[in-house]
Amino acid sequence: MRKVSAAGGTALFFAAAPGVVAGAVPWALTGWRLAGNLPTGVRWVGGAVTFVAAVLLMHSFARFVIEGSGTPAPSAPTERLVVGGLYRYVRNPMYLAVLSAILGQALLLGQAVLVPYAVVVLVAVVSFVRWYEEPTLSERYGPAYDSYRATVPGWFPRLPARATPAAHSHGGRY
């Protein structure tokens, strides 16, 4: 798939999937109105979580175009398995970003209705990953995906390894 068509397809899928799940539905449930009597600091944390989640989501989507030459949409998959960027630390950064955006909005807006909605989204995405995405990726990418799945956690990000002083004792050679 050419990069231009991959970018266009990815943008459309971004609007259709996370745009609806993390944008349109929370808006329909809350009208994006502030509610509750939350301290300002809690709302700031919610705004920061929502913002960071949106940035991480956009980064994750971009990896599909840059690295995979395809889209995250099942109907237009990548030519290559995407394992760079955030995908080095967790296999499902998009879903985690969407869930974080929903929960961030719950804090920002003081809208408790978004918490059970986030649980519904969590159950849906975990089920989708388990029963559709993992078998499909294993079939499409074979041993490469199986190896990736064995080394990168699905839901709880693995932190990058810290460089140790011994790693720098090779006189600048690696």
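Residues are numbered from 1 along each chain as its sequence is written. Local features need pLDDT of at least 70, side-chain atom pairs count only at pLDDT 80 or more, totals for chains, interfaces and linings use all residues, and side-chain values use heavy atoms, with hydrogens and water left out.

**The core.** A nonpolar core is a set of buried Ala, Val, Leu, Ile, Met, Phe, Trp, Tyr and Cys residues joined through side-chain atoms within 4.5 Å; buried means under 20% relative accessible area (1.4 Å probe, protein chains only). The largest such core has 27 residues, and Leu57, Met94 and Val121 are among those with the most contacts inside it.

H4 gives the most, with 9 residues. Apart from neighbours within four places in sequence, Met94 is in contact (heavy atoms within 4.5 Å) with residues including Leu57, Phe61 and Tyr87.

**Helix H5.** The buried residues of H5 include Leu114, Val121, Val129 and Tyr141. Their cover includes helix H2 (18-30), H4 and H6. H5 has a kink of about 40° centred on Val129, where the bend is the angle between axes fitted to the seven residues ending there and the seven starting there. Gly142, with a positive phi near 55°, follows H5.

**Confidence.** The mean pLDDT (the predictor's confidence in each residue, from 0 to 100) of the protein chain is 91. Over residues 166-174 the pLDDT is below 50. Where pLDDT is low, the predicted coordinates should not be read in detail.

Conventions
Buried < 20%, exposed > 50% of the residue type's maximum accessible area, 1.4 Å probe, protein only. Helix = DSSP H or I, 4+ residues; strand = E, 2+ residues; numbered from the N terminus.
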